[in-house]
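Work through these exercises with the sequence and the 3D view side by side. Try each task before reading its solution.

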Amino acid sequence: MFKKILFLLFLCGTAQASGIKHDFIVHIGPFDASRTSFEYTLDKSHYKAQSVVQTNGFFDAIYPFTAHYLTSGKINPDGELQTEVYKYASQTRTNRRTKELIYNDEGVPVYRLSSKNDKSKKVEITQDPKNDGTTDLQTVFAEMAKQYNEVRFCDSRMEVFDGKRRFAVIFKDEGDEPVNANEYSPFSGTAHKCSLYIDKLDNTGDDLLWQITSDRPIYFWILEDEQSKLPFISRIHIDSTPLGELNVYAQNITVKE
């Protein structure tokens, strides 16, 4: 359950580039639960997102968890983003897991490679016309980053196929709102507030990611770096999770030329 909550966090980091790296501190309920880094690059022809999630403090003592995520792809002449690489690896106290999606030349996932404690399997992904025009979840946020950098507006809807099921990711623009510095984050200013929802498209399941984001929004606040003028995520908030209110604070950002 906890790793699904952590998975929500790095998805919300957006920037345009050369590149920008976020270092986040994650609080869930009364717990200082995690440290998360998210780096994003986007140029005229390629994009790349990579992140690391690591439990902290009490959570790390009872359920140590580390995960690495990587997505990269190309930007076609028409501006469409096409995934070429998706990889994931995690480590708990007892399990090592990996996952990789293999794409064809059209950016459609055709195989899913996965392993648990070095026992691997390869699964052919059943093709369905309903999945035409979909993308992977991390590329959705690359699309959102590109859109926000161009028009400074969040409203968007994109459909995702993750190799098993299809769903929609919905962004809504919430206007401007002040953000104040605090003991967890030095950043302040007038931020652009956005929200994120998941539409399960009548699919069923008890996945925590779906339950949290379909029942309540994820809010995030975007500020701009004063020198580079690149936007970055300063805060993320969910009103309630099974473990309490969730707040994510940007402790540091690093602009990479």
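**Exercise 1.** Is Arg152 buried, partly exposed or exposed, judging by its relative accessible area?

*Solution.* Keep in mind that this is a predicted model.
- Step 1. Find the residue: Arg152 sits in the loop between H3 and E9.
- Step 2. Recall the cut-offs: buried means under 20% relative accessible area, and exposed means over 50%.
- Step 3. Read the value. Arg152 has a relative accessible area of 28%, so it is partly exposed.
- Step 4. Check the backbone too. Phi of Arg152 is near 55 degrees, a positive value in a residue other than glycine.

**Exercise 2.** Is Ile125 buried or exposed? Then list what it touches.

*Solution.* 
- Step 1. Ile125 is placed in the loop between strand E8 (119–124) and helix H3 (137–151).
- Step 2. Its relative accessible area is 4%, so Ile125 is buried.
- Step 3. Now look for contacts, leaving out residues up to four places away in sequence. Ile125 touches Leu101, Pro109, Val110, Tyr111, Arg112, Phe161 and Gly163.
- Step 4. Compare chain and space. Ile125 and Ile102 are 23 residues apart along the chain, and their C-alpha atoms are separated by 9.6 Å.

**Exercise 3.** Which residues make the nonpolar surface patch of about 290 Å²?

*Solution.* 
- Step 1. Phe58, Ile62 and Tyr63 make this patch.
- Step 2. Tyr63 lies in the loop between helix H2 (57–62) and strand E4 (66–75).
- Step 3. A patch residue needs over 30% relative accessible area. Tyr63 has 31% relative accessibility, so it counts as partly exposed.

**Exercise 4.** How many residues line the second largest pocket, and which lie nearest its centre?

*Solution.* 
- Step 1. Start with the volume: the second largest pocket has about 420 Å³.
- Step 2. Count the lining: 22 residues line this pocket.
- Step 3. Go to the centre. Glu80, Gly107, Gly133, Thr134 and Thr135 lie nearest to it.
- Step 4. Name the elements. Strand E5 (81–91) and strand E9 (156–161) are those that give two or more residues to the lining of the second largest pocket.

Conventions. Residues are numbered from 1 along each chain as its sequence is written. This is a predicted model: local features need pLDDT of at least 70, side-chain atom pairs count only at pLDDT 80 or more; totals for chains, interfaces and linings use all residues. Side-chain values use heavy atoms; hydrogens and water are left out. Patches are made of residues with over 30% relative accessible area and no salt bridge: like charges are joined within 9 Å, nonpolar side chains (Val, Leu, Ile, Met, Phe, Trp, Tyr) within 5 Å. Accessible areas come from the Shrake-Rupley method with a 1.4 Å probe; for residues, only the protein chains shown count as cover. A salt bridge is a side-chain nitrogen of Lys or Arg within 4 Å of a carboxyl oxygen of Asp or Glu. Helices (H or I, at least four residues) and strands (E, at least two) are DSSP runs, numbered from the N terminus. Buried means under 20% relative accessible area, exposed over 50%, partly exposed in between (1.4 Å probe, protein chains only). Contact means heavy atoms within 4.5 Å. On a 1 Å grid over the protein atoms alone, a cavity is a set of points where a 1.4 Å probe fits but cannot get out, and a pocket is an open set with protein on both sides within 12 Å along at least five of seven lines; lining residues have an atom within 4 Å of a point. Grid points are joined across faces, edges and corners, and a volume is the space filled by probe spheres set on the points.
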